Amino acid sequence: MELAEPSIGTAFDRCVERGAQSVAVAPLFLFKGRHVQEDIPALVKEAAERHPGVSFTIAEPIGMHPLVASALDQQLSKALTENTDVAGAGGEA
């Protein structure tokens, strides 16, 4: 979160500059840790205060969605069927 650009504030500002009257924030985190529970709401609130009249919402982190487990299972299954050089199967990892 700290290393990626744009920051939450910059992204919020850009949305409003492009005409947004409402901004939805989608945290790409697996769990409701400190960033999701505290940091992101604080940063979004700070950005929203610069834009009175613009509403905002924060979605649940993507990791809470049941399809994440399904997608992970599909990726792992694909890797296991396509990769014959798997540790423990006669190859070195």
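Visitor: How many helices and strands does the chain have, and what pattern do they follow?

Guide: In this predicted model, the secondary structure comes to three helices and two strands, and reading along the sequence gives the pattern α-β-α-β-α.

Visitor: And how much of it is buried?

Guide: Of the 93 residues in the chain, 19% are buried.

Visitor: What share of the contacts join residues at least 24 apart?

Guide: Taking contacts between residues at least 6 apart in sequence, 70% join residues at least 24 apart.

Visitor: OK, switching to electrostatics: how many salt bridges are there?

Guide: The structure holds three salt bridges, and one of them pairs D13 with R50, whose closest N and O atoms are 3.0 Å apart.

Visitor: Are they buried or exposed?

Guide: D13 counts as buried because its relative accessibility is 19%, and the cut-off for that class is under 20%; R50, with a relative accessible area of 41%, is partly exposed.

Visitor: What does the neighbouring H51 touch?

Guide: Leaving aside residues up to four places away in sequence, H51 touches F12, D13 and V16. H51 lies in the loop between α2 and β2, and at 16% relative accessibility H51 counts as buried.

Visitor: Back to the salt bridges, then: which residue does E60 pair with?

Guide: E60 forms a salt bridge with K32, and the closest N and O atoms of that pair are 2.9 Å apart. E60 lies in the loop between β2 and α3 (66-82), whereas K32 lies in the loop between β1 (22-25) and α2, so the pair ties together parts that are 28 residues apart in sequence.

Visitor: How accessible are those two?

Guide: E60 is partly exposed, its relative accessible area being 48%, and K32 also counts as partly exposed, at 40% relative accessibility.

Visitor: What about R34?

Guide: The side chain of R34 meets that of D39 in a salt bridge, at 3.3 Å from N to O. R34 is exposed, since its relative accessible area is 52% and the exposed class begins over 50%.

Visitor: Changing topic to packing: what angle do α1 and α2 make?

Guide: The two helices α1 and α2 pack at an angle of about 40°, with 9 Å between their axes, and they are therefore oblique to each other.

Visitor: Is that crossing left-handed or right-handed?

Guide: The crossing of α1 and α2 is right-handed.

Visitor: Which residues meet there?

Guide: On the α1 side they are I8, G9 and F12, and these meet I40, L43, V44, A47 and A48 in α2. By class, the residues of this contact divide into seven nonpolar, one polar and no charged.

Notes: Residues numbered from 1 in each chain as written. Predicted model: local features only at pLDDT ≥ 70, side-chain atom pairs only at ≥ 80, totals over all residues. Heavy atoms only, no water. Salt bridge = Lys/Arg side-chain N within 4 Å of Asp/Glu carboxyl O. Buried < 20%, exposed > 50% of the residue type's maximum accessible area, 1.4 Å probe, protein only. Helix = DSSP H or I, 4+ residues; strand = E, 2+ residues; numbered from the N terminus. Axes fitted to C-alpha atoms, helices over the stretch in contact; angles between N-to-C directions. Parallel < 35°, antiparallel > 145°, perpendicular 65-115°, else oblique. Left-handed = near helix turned anticlockwise from the far one by under 90°. Contact = heavy atoms within 4.5 Å. Nonpolar A, V, L, I, M, F, W, Y, C, P; charged D, E, K, R; others polar.
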